[in-house]
Amino acid sequence: DLTGSLREAERLYAEKLGAARRSDALVRDRIDKNYAAIHALSMSLDEIGERIPVATPGPEHRAVMQRLKQALGRVAEVRAEMPALVERLKECRRSDDVGPLLATAMREKKEVSGRALFASQASRYDGVAADAEAWVKRQADAMDEVTKLNEEFAGWKSGNESARRREQAIQDLRAGHRNYKEVSAHLDDGMKFYSEFGAVVARFRQNCT
């Protein structure tokens with residue numbers, strides 16, 4: 001009957017509203033737990049910068065940082081050599097076709113050793129191959145140096161109290177930003193739900209009158 005249908009609809013709406021309230025409570029709890037980090041995101045860049053402790057390395061660690069910057073610079077310099085090396089290789093490939101040379105020899109009825117001709121053309125790669133091998137070694141040496149210095153730097157960060165506090169402050173800001181986006185998405189969903197649910201309840205009230 002009509003009354004039974006209305007009561008069933010009322011029960012379903014009440015269940016949905018109860019589930020929505022529980023979801024609201026979870027979102028509120030998440031906001032409360034992460035309020036400090038989320039609130040920090042509303043500050044100016046200068047204010048945020050003041051909240052992040054400054055890591056203070058000693059002289060030996062500053063030397064490691066300087067050497068690491070120099071090593072990274074060498075890696076960049078080595079990598080910058082690659083385009084020229086690749087272009088030299090392409091040029092060798094463009095000029096290593098022995099077909100025209102063989103055709104010319106046959107047309108002029110000259111005897112030519114195919115093996116010697118191929119060997120001569122292949123020798124064009126000797127210079128660029130040696131340079132490429134040297135380039136690979138320089139890059140590997142530069143990367144090994146960067147790895148070693150980075151390990152030293154990471155060791156300092158893990159053992160330095162000011163560096164740990166700075167890293168923790170940065171992680172807190174990242175977590176605050178992540179939670180802010182997630183909470184914002186939940187709030188948007190909640191506003192949409194209550195807007196649509198309000199229209200449903202309004203129609204239900206009309207059906208009850």
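Which residues lie nearest the centre of the largest pocket? The structure is a predicted model, in which local features need pLDDT of at least 70 and side-chain atom pairs count only at pLDDT 80 or more, whereas totals for chains, interfaces and linings use all residues. Residues are numbered from 1 along each chain as its sequence is written, and side-chain values use heavy atoms, with hydrogens and water left out.

The residues nearest the centre of that pocket are S23, D24, V27, H186 and G190, which belong to a lining of 15 residues. A pocket here is an open set of points on a 1 Å grid over the protein atoms alone, where a 1.4 Å probe fits, with protein on both sides within 12 Å along at least five of seven lines, and its lining residues have an atom within 4 Å of a point. The volume of the largest pocket is about 300 Å³, taken as the space filled by probe spheres set on grid points that are joined across faces, edges and corners. Helices α1 (2-33) and α9 (161-208) each supply at least two lining residues, and the largest share, nine residues, comes from α1. By class, the lining holds eight nonpolar, three polar and four charged residues.

Turning to the fold, the protein has nine helices and zero strands, where helices (H or I, at least four residues) and strands (E, at least two) are DSSP runs numbered from the N terminus. The confidence of the predictor in each residue, given as pLDDT from 0 to 100, has a mean of 78 for the protein, and 80% of the residues reach 70 or more. Among the elements, helix α6 (residues 99-107) has the lowest mean pLDDT, 58, while helix α4 (residues 59-80) has the highest, 85.

Leaving aside neighbours within four places in sequence, V64 is in contact (heavy atoms within 4.5 Å) with L149, E152 and F153.

Y13, in helix α1, is partly exposed, with a relative accessible area of 24%, and beyond its neighbours within four places in sequence it is in contact with F197, V200 and F204. The C-alpha atoms of Y13 and V201, 188 residues apart along the chain, are separated by 8.0 Å. R165, in helix α9, is partly exposed at 42% relative accessible area, and its C-alpha atom is separated by 8.5 Å from that of V54, 111 residues away along the chain.

Terms used
Nonpolar A, V, L, I, M, F, W, Y, C, P; charged D, E, K, R; others polar. Buried < 20%, exposed > 50% of the residue type's maximum accessible area, 1.4 Å probe, protein only.
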